[in-house]
Amino acid sequence: MQEYIFINGQFVKSQEAKIHVTDLALLRGYGIFDFFRAINGKPIFMEDHLDRFENSARLMGLTIPANRVALRNIIQETIRLNPYPTLGIKMILTGGYSPDGYVPAEAPNLIVIGKPFTFKEPKQGLKLLSFAYQREIPAIKTLNYIVPIRLLPQLKAAQADDVLYYANNLISESSRSNIFIVKNQTIVTPQTGVLYGITRKHVLKVAAKHYAVEERDISLAEYWEADEVFTTGSTKRLLPIVQTDDVIFNKGKIGTITQHLQEAFLAYEKGVG
Ligand SMILES: Cc1ncc(COP(=O)(O)O)c(C=O)c1O
């Protein structure tokens, strides 16, 4: 089945969803996006994702050519036209068709893609490679994933799943997910230099019902000493990290608290969505 995609005011079949070569996202990487899932037709944490999408647009200096009500309607129509059990919904906003290849167009391009989505569930937990990098303007969900994509061959060679970014001796996040450590039953996640993940926000809420939680800087030294490490994101929910570089956490197995939060978050997501 061919998906329907919303592009500049109308839904078209995916093969017909085309954008002109003068778009500023192509020429200069100037654009933002957001991503969430709809399960059995029900969007998960949609208002949070719309808040972040609008915030990214504002910080980027782009105007979304649709208000909140219109965006919700586009999303509902995307779900109706693409009736998959789990749908991944990606909203993209670009600088539009630039008159001179640099200055943003008056009209940005808004695209909403609905595609079937399946979770990858590695049983063993993830392995990360640490990498010195700080995302530019971390609070914006920009289209720029140059650094982690360039690292893919290196990750493959090391049989690692993803990266752990750090800068000035502080850890921040992974390429597409947030990082949490567990130490002496306390759950800690970095507060600065990160994208404020929607999963992160809800996991913090769930965790606070059972444990002490802290949002603050985490040094690399503290990271290496963690009892458990896990990562959160819309495409992963909550997954254990059992290794980073040569350091193995919790003897390479999912930790008790990570497992508890994984189950608690799944139940919460089903209830709240
Ligand atoms: C850089 C980065 N950090 C964190 C996240 C996790 O955010 P969320 O839980 O909203 O998917 C993502 C993915 O969206 C990301 O790209």
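I count two strands as paired if DSSP finds at least two bridges between them. For elements I take DSSP runs numbered from the N terminus: helices are H or I with at least four residues, strands are E with at least two.

**Model and numbering**

I am working with a predicted model, where local features need pLDDT of at least 70 and side-chain atom pairs count only at pLDDT 80 or more, while totals for chains, interfaces and linings use all residues. I number residues from 1 along each chain as its sequence is written.

**Overall**

I find eight helices and 15 strands in the protein. The radius of gyration, taken over C-alpha atoms, is 19 Å; the globule rule (2.2 Å times the number of residues to the power 0.38) gives 19 Å for 273 residues, so the protein is as compact as a globular protein of that length. Along its principal axes the C-alpha trace spans about 55 × 40 × 30 Å.

**The six-stranded sheet**

I traced an open sheet of six strands in the order E2-E1-E6-E5-E3-E4, with antiparallel pairing.

I then went through the pairs. E1 and E2 are antiparallel, over four bridges. They form a hairpin with two residues between them, and Asn8 in the turn has a positive phi of about 45°. Within E2, Phe11 is the bridge partner of Phe6, and Gln10 is that of Ile7.

Strand E1 (residues 4-7) also runs antiparallel to strand E6 (residues 109-116), joined by three bridges. On this side Ile7 has Ile111 of E6 as its bridge partner. Strand E5 (residues 86-94) pairs with E6 over eight bridges, again in the antiparallel sense. In that pair I find Met91 opposite Val112 of E6.

**Helices over the sheet**

Here two residues are in contact if their C-beta atoms, placed from the backbone, lie within 7 Å. Axes are lines fitted to C-alpha atoms, for helices over the stretch in contact, with angles from 0 to 180 degrees between N-to-C directions. H2 lies across E3, E4 and E5, at about 175° to E3. Helix H3 (residues 68-81) lies across E1, E2, E3, E4, E5 and E6, at about 35° to E6.

**Domains**

I see a division into domain 1 (4-116) and domain 2 (126-272). These bounds come from an automatic or database domain assignment. The domain centres, taken over C-alpha atoms, are 27 Å apart. The contact uses 17 residues of domain 1 and twelve of domain 2. On the domain 1 side, strand E3 (31-39) and helix H2 (46-60) each supply at least two residues. E3 gives the largest share, seven residues. By class I read nine nonpolar, four polar and four charged residues on that side. Ala, Val, Leu, Ile, Met, Phe, Trp, Tyr, Cys and Pro count as nonpolar, Asp, Glu, Lys and Arg as charged, and the others, Gly among them, as polar.

**Ligand shell**

Which residues are closest to the ligand? I get Leu195, Gly197, Ile198, Thr199 and Ser234, out of 13 residues surrounding the ligand. Helix H6 (198-208) and strand E13 (228-233) are the elements giving two or more residues. H6 has the largest share of the shell, three residues. The shell divides into three nonpolar, seven polar and three charged residues.

Note on methods. A residue is near a molecule or strand if its C-beta atom, placed from the backbone, lies within 6 Å of it.
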